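I opened my notebook to go through this structure one piece at a time. Here are my entries, in the order I looked things up.

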Amino acid sequence: MRFRKIRLYWPYNQEEMIIPIQGKAMVQGEFLFSDADPKPAAPKEKAAKPFSVTQVTRLIKLTINDRLPAKILVEGEISNFKRHNSGHLYLTLKDENAQLPAVMWKSDAAQLKFKPADGLLVLATGRIDVFEPQGKYQFYIEKMEPAGLGSLELAFRQMAEKLRKEGLFDPQHKKPLPQFPLTIAIVTSPTGAAIEDIEKTLNRRFPIVRKLLYPVAVQGDTAAKEIAAAIGDLNRRSQALGGIDLMIVGRGGGSIEDLWAFNEEVVARAIFASKIPIISAVGHEIDVTIADMVADVRAATPTAAAELAVPVLADVIQDLNLYQKRLYQNTRQKLETAGNAIGSIGSRPLFARPLDLVRFKQQWLDEQTAALAQVTAEKLRQSGRTLELHGWIIAQIEPHRALSTARSRLSEHQHLLQNTIREFGRNRRYHIDNLGVKLNAASPKKAVEHQKTIVAHLAQRAIFGQRQKSYNSNQQLNLYQSRLENLNPRSVLRR
């Protein structure tokens with residue numbers, strides 16, 4: 001039985017132990033072990049010393065690293081999945097009986113073609129190691145793919161479902177292809193068979209079309225970014241390039257790995273954002289990519305894309321000749337029909353004697369003028385008779401004579417009023433004189449004063465009555481004068 005002696009140096013306490021080591025020793029130290037018996041030999045008789053936690057943890061780490069293979073393949077279901085801001089993935093692989101905490105560093109996670117999620121059954125390749133700060137073992141994943149389904153196939157399904165939910169596949173977003181494109185931009189590899197097939201087909205079917213090749217890588221790590229950048233660049237520079245009517249994006253056949261650039265999200269979004277209609281021509285007829293589903297039209301092959309892009313020039317010329325012939329025949333028929341119609345119209349009396357229409361209108365105008373003059377004269381005669389009647393009525397009223405009569409009556413009333421006042425004054429004066437005589441005879445001073453007061457009051461009433469009568473008479477006179485003025489024929493004529 002063979003043994004090897006290795007001395008192990010710990011950073012805290014230097015201890016000599018006998019542990020089994022298979023293969024090449026990974027640490028410095030002295031150990032005795034048997035290749036046939038993995039159990040450690042009995043340690044030397046020494047006083048027992050306690051181990052620190054760090055020592056125990058590192059001892060477990062060394063044991064795991066030495067006993068387990070450098071890489072193992074583990075199948076399990078993902079749970080507790082978390083993508084950290086740093087880009088590292090933290091998850092747990094589990095089955096019906098146990099769980100295994102796992103970590104996948106950012107550099108390895110960037111190589112994944114699918115998106116890990118809880119509940120997904122995967123095959124993970126990696127190594128088991130101990131995370132010393134927490135004293136737990138973890139599975140460090142280097143590669144991972146879905147169990148029972150290829151990672152590329154799963155990534156394709158996940159991306160297709162994501163873009164479908166966002167509406168990138170909706171037919172309402174598909175742009176129609178131009179019927180006669182003058183400039184076609186081709187985004188593909190300059191050395192592949194696809195560009196040769198496209199050029200041959202375009203030259204055969206529609207040689208007058210202008211072709212612009214935008215060379216890109218169609219497989220590899222940078223292919224997707226180059227294709228997306230080319231699509232965006234052609235849209236931005238379309239006017240500077242003389243206008244681009246159509247774009248063909250594609251490549252020849254290959255494996256799913258070779259065609260994977262056309263399944264990348266960046267390419268799909270560049271196709272969807274393009275203002276120029278795009279035909280996707282990737283691989284063979286059985287190959288379907290995300291680019292095919294987003295593009296405005298999918299072609300089974302690059303050759304089919306060129307056939308969809310342009311018509312056959314000979315057929316177009318033949319159709320144009322046919323249309324020209326039909327147009328000539330239709331135009332000639334229209335001209336003959338129009339000539340016959342013009343001849344028929346020219347033979348009508350209206351065009352044979354065109355002045356008759358003007359003369360008829362002149363005669364009608366003369367008749368209407370005579371009728372208008374007759375009606376006007378009749379209206380004037382009726383207006384004259386009405387005016388004479390009104391004048392006779394006004395003359396019968398004689399407003400000036402009525403005004404003169406009213407003024408005479410007013411003068412008579414004023415004269416009569418003055419005579420009445422004088423007579424009343426004389427009577428009152430006579431009565432006062434008689435009373436004065438009687439009072440002088442009786443000499444009653446109070447009676448005289450009383451009579452004087454009565455006389456003065458009566459005099460004031462007489463003056464007031466005279467003024468009131470005069471005012472009322474003037475008002476009545478003004479009223480009569482206003483009425484007479486309204487009945488004045490001149491006032492009527494002025495109105």
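This is a predicted model: local features need pLDDT of at least 70, side-chain atom pairs count only at pLDDT 80 or more; totals for chains, interfaces and linings use all residues.

**Entry 1: strand S6.** Since six of the six residues of S6 are buried, I noted that the strand is largely enclosed by the rest of the structure.

**Entry 2: the partners of S6.** Next I looked up what S6 (residues 183-188) pairs with. It runs parallel to strand S8 (residues 246-251), and four bridges join the two. I wrote down two of the bridge partners: isoleucine 184 goes with leucine 246 in S8, and isoleucine 186 goes with isoleucine 248 in S8. With S7, the pairing of S6 is also in the parallel sense, over six bridges. Here threonine 188 has proline 215 of S7 as its bridge partner. How does the chain get from S6 to S7? I followed it through helix H4 (residues 193-205), and this β-α-β crossover is right-handed.

**Entry 3: the whole sheet.** I then stepped back to the sheet. In what order do its strands come? I read S7-S6-S8-S9-S10, five strands in an open sheet with parallel pairing. At the edges stand S7 (210-215) and S10 (297-298), each with a single partner strand, so one side of each is left without a neighbour in the sheet. A reminder to myself: strands of a sheet pair through backbone hydrogen bonds.

Entry 4: Which residues of H6 (residues 265-273) are buried? I listed Val267, Ala268, Ala270 and Ile271. Down the axis of H6, the buried residues fall within an arc of 165 degrees, so they line one face of the helix.

I went on to serine 274, which I found in the loop between H6 and strand S9 (278-282). Its relative accessible area is 3%, and under 20% counts as buried, so serine 274 is buried. What does serine 274 touch, leaving aside its neighbours within four places in sequence? I noted contacts with Lys175, Ile231, Asn235 and Met247.

Entry 5: Most residues other than glycine have a negative phi. I placed asparagine 80 in strand S1 (residues 72-83). It is exposed, with a relative accessible area of 55%.

**Entry 6: rings.** I also checked the aromatic side chains. Arginine 127 lies over the face of tyrosine 140, at 5.0 Å from the ring centre. I counted one aromatic pair, taking ring centres within 6.5 Å.

**Entry 7: overall tallies.** Of its 495 residues, 29% count as buried. Among contacts between residues at least 6 apart in sequence, 64% join residues at least 24 apart.

Notes:
Residues are numbered from 1 along each chain as its sequence is written. Side-chain values use heavy atoms; hydrogens and water are left out. Rings of Phe, Tyr and Trp (its six-membered ring) pair if their centres lie within 6.5 Å; planes under 30 degrees apart count as stacked, over 60 as edge-to-face and the rest as tilted. A charge sits over a ring if NZ of Lys or CZ of Arg is within 6 Å of the ring centre and within 35 degrees of the ring normal. Buried means under 20% relative accessible area, exposed over 50%, partly exposed in between (1.4 Å probe, protein chains only). The arc is that of the directions from the helix axis to the C-beta atoms. Two strands pair if DSSP finds at least two bridges between them. A crossover is right-handed if, with the strands pointing away from the viewer, the path from the first strand over the helix to the second runs clockwise. Contact means heavy atoms within 4.5 Å.
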